[in-house]
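Here are my notes on this model, taken point by point. Have the fold open beside you as you read.

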Amino acid sequence: MGLDLRADPIALTAALVDIPSESRHEQRIADEIEDALRAQAPWFEVIRNGDAVLARTHLGRASRVMLAGHIDTVPAADNLPSHIENGELWGCGTSDMKSGDAVFLHLAATIAEPSHDITLVMYDCEEIESSANGLGRIERELPDWLQADVAILGEPSGGFIEAGCQGTIRVVIGATGTRAHSARSWLGDNAIHKLGAVLDRLTAYQPRSVDIDGCVYREGLSAVRIDGGIAGNVIPDAAAVTVNFRFAPDRSVEQAVTHVHEVFDGLDVDIELTDAAAGALPGLARPAAAALVAAAGGQVRAKYGWTDVSRFAALGIPAVNYGPGDPNLAHKVDERVELAQISAVTDMLRRYLT
């Protein structure tokens, strides 16, 4: 028996969770989603791209809403099959993000006359390296499918609309010195000691908070790794600290890199950029996005962290994260989602889409 998209979204969430779908092993769940959409939502055009399933309506509405969710999970940790306990559904992927997928699929199959045209994107390989992300592949191969007035990514957000997302860069700040025996330390130049000035700058750093469309993004500049040392009796001649800058989406990656260089200006260190991803502006003033905020009763907050909404923002589409589940429970052995949140998110999105 295949998926019943018209069943209660709680039951549909459990059915999706019970299909093993670790990244790169999504064929079965993609097959079942594709078959169910073709059979139960005939008003959608449905296509397959790898292990992603895409569907869209052609109703001539004035606006188009994209509902996007990844169908893969991290490896299970003896937390399958799912079960219900104390008003919560437990199991791998319940929060991140089979419950969001279930809400989207249920609404697609039960709203034949939406007030917006709808594009549904159920994609693969989100939980692994960015180069494998199915959404990136769709952008390269089927760009016309990623056109909309607003995009809703069903990542767990506790039932709040989390708008946009922070950008992130990582840099390695390196110091060099002269190696020597620690018994004659004055003959060397300790590279680790030079990083003390870097850590002092980080300790004194005052992060910026920025209000964009009513969402407050707080920045953060943090040391996340230190490397150095040769042996217990050697003055090290090289050391490095990795620094992560999470920045508000009103900065570009280039501006964020410039800011980091300014913070450490004047120190005897080298700065190497090792990773970067742009943030996403919320864009909540646009009509389709404003209507979504209104339907949610104004329950909106900034997204802390980076998600695929950044990909939509780069395409000029305002995007939000909105789904049931606590993001702090994602990937945990005791991952779970409140049943009431699944129902509440379904009800809110039904109001918005109709």
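1. Helices (H or I, at least four residues) and strands (E, at least two) are DSSP runs, numbered from the N terminus. Keep in mind that this is a predicted model, where local features need pLDDT of at least 70, side-chain atom pairs count only at pLDDT 80 or more, and totals for chains, interfaces and linings use all residues. Residues are numbered from 1 along each chain as its sequence is written, and side-chain values use heavy atoms, with hydrogens and water left out.

2. Strand 2 (residues 52–56) is mostly covered, with five of its five residues buried. In a regular strand, side chains alternate between the two faces of the sheet. Here both faces are covered: Ala52, Leu54 and Arg56 are buried on one side, Val53 and Ala55 on the other.

3. Look at the neighbours of strand 2 next (two strands pair if DSSP finds at least two bridges between them). Strand 1 (residues 45–49) runs antiparallel to strand 2, joined by five bridges. The two form a hairpin with two residues between them, and Gly50 in the turn has a positive phi of about 60°. Strand 6 (residues 117–123) is also antiparallel to strand 2, with four bridges.

4. On to the pockets. On a 1 Å grid over the protein atoms alone, a pocket is an open set of points with protein on both sides within 12 Å along at least five of seven lines; lining residues have an atom within 4 Å of a point. A volume is the space filled by probe spheres set on the points, which are joined across faces, edges and corners.

5. The largest pocket has a volume of about 560 Å³. Of its 25 lining residues, Glu126, Gly305, Trp306, Thr307 and Asp308 are the closest to its centre. Strand 9 (167–176) and strand 16 (270–277) each supply at least two lining residues, and strand 16 gives the most, with three.

6. The second largest pocket holds about 220 Å³ of space. It is lined by 17 residues, with Ala280, Leu281, Ala313, Ala314 and Gly316 nearest its centre. Helix 8 (residues 309–314) gives the most to this lining, with three residues.

Notes:
On a 1 Å grid over the protein atoms alone, a cavity is a set of points where a 1.4 Å probe fits but cannot get out, and a pocket is an open set with protein on both sides within 12 Å along at least five of seven lines; lining residues have an atom within 4 Å of a point. Buried means under 20% relative accessible area, exposed over 50%, partly exposed in between (1.4 Å probe, protein chains only).
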